[in-house]
Amino acid sequence: MIVKNPKFEVSAVRPNQYPSNGLSEIVLVGKSNVGKSSFVNTMINRKKLARTSSEPGKTRQINFYNIDDSFYFVDLPGYGYSKMSKKEQEQVGKFIEQYLFHRKEISLIIFLVDIRHSPSENDKLMYHYIISSGLPCLILANKADKIAKTKVDETVHCLQKQLNPLGDIPTLPFSSERKIYQDEVWNFIESFIELEP
């Protein structure tokens, strides 16, 4: 897919702040610093549309990126960031739950995990949370450039078995650094969004 005019539209914490144009939403979920913002920038071939940070826990709101008025990438705050106060964690948890369980425009959840590590307890909790939402999901094994190319397929398979033993949720590798595997991810996303002819 060729993206021509992506733009950051809004940061929201309440439903009345969400976009109201009815476009499909592709939602990015994952722990802090797993690379959600880098994923957006890589997919749309821009360097700085989504604000990346080396400091985990930077995203505290739901960020909506309008992709050519065709659909949104929606970046949710990362979880598992220990320096966020308990009160902040509760607030963030509440508006994420409200969004995921009540937003009708969600077409697909992309669940990013780090290919180098076995899923953490937080990852497993989030996975079950996503499953209970009943929404379509893609597991994305990010940072695939950090391991040997020959081990990528085997590691992705292993991650899928740990998170999704039934094997009914597609699991793909991804690397923002090397910009590989983009086409496979775009093909998957395009099957969930209604693009204007």
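Author: Helices (H or I, at least four residues) and strands (E, at least two) are DSSP runs, numbered from the N terminus. The model is a predicted one, in which local features need pLDDT of at least 70 and side-chain atom pairs count only at pLDDT 80 or more, while totals for chains, interfaces and linings use all residues. Residues are numbered from 1 along each chain as its sequence is written, and side-chain values use heavy atoms, with hydrogens and water left out.

Reader: Where are lysine 143 and tyrosine 181 found?

Author: Lysine 143 is in the loop between S6 and H4, and has a positive phi of about 70 degrees although it is not a glycine. Tyrosine 181 is in the loop between S7 and H5, with a positive phi of about 75 degrees, and is not a glycine either.

Reader: Why are H1 and H5 called roughly perpendicular?

Author: Axes are lines fitted to C-alpha atoms, for helices over the stretch in contact, and angles run from 0 to 180 degrees between N-to-C directions. Angles under 35 degrees count as roughly parallel, over 145 as roughly antiparallel, 65 to 115 as roughly perpendicular and the rest as oblique. Helix H1 (residues 36-43) and helix H5 (residues 182-190) pack at about 90 degrees, with axes 11 Å apart, and are therefore roughly perpendicular. In contact (heavy atoms within 4.5 Å), Phe39, Thr42 and Met43 of H1 meet Gln182, Val185, Trp186 and Ile189 of H5.

Reader: What makes phenylalanine 71 count as buried?

Author: Buried means under 20% relative accessible area, exposed over 50%, and partly exposed in between (1.4 Å probe, protein chains only). Phenylalanine 71, in strand S4, has 0% relative accessibility and therefore counts as buried. Not counting residues up to four places away in sequence, phenylalanine 71 touches Met1, Leu23, Ser24, Ile26, Tyr65, Asn66, Trp186 and Ile193.

Reader: How do you know that the length of H4 agrees with its number of residues?

Author: The expected span of a helix is 1.5 Å times one less than its number of residues. The 15 residues of helix H4 (residues 149-163) should therefore span 21 Å, and the end C-alpha atoms are 22 Å apart, which agrees. In H4, Val152, Val156, Leu159, Gln160 and Leu163 are buried, and their cover includes strand S5 (106-114), helix H3 (121-133), strand S6 (137-142) and strand S7 (171-173).
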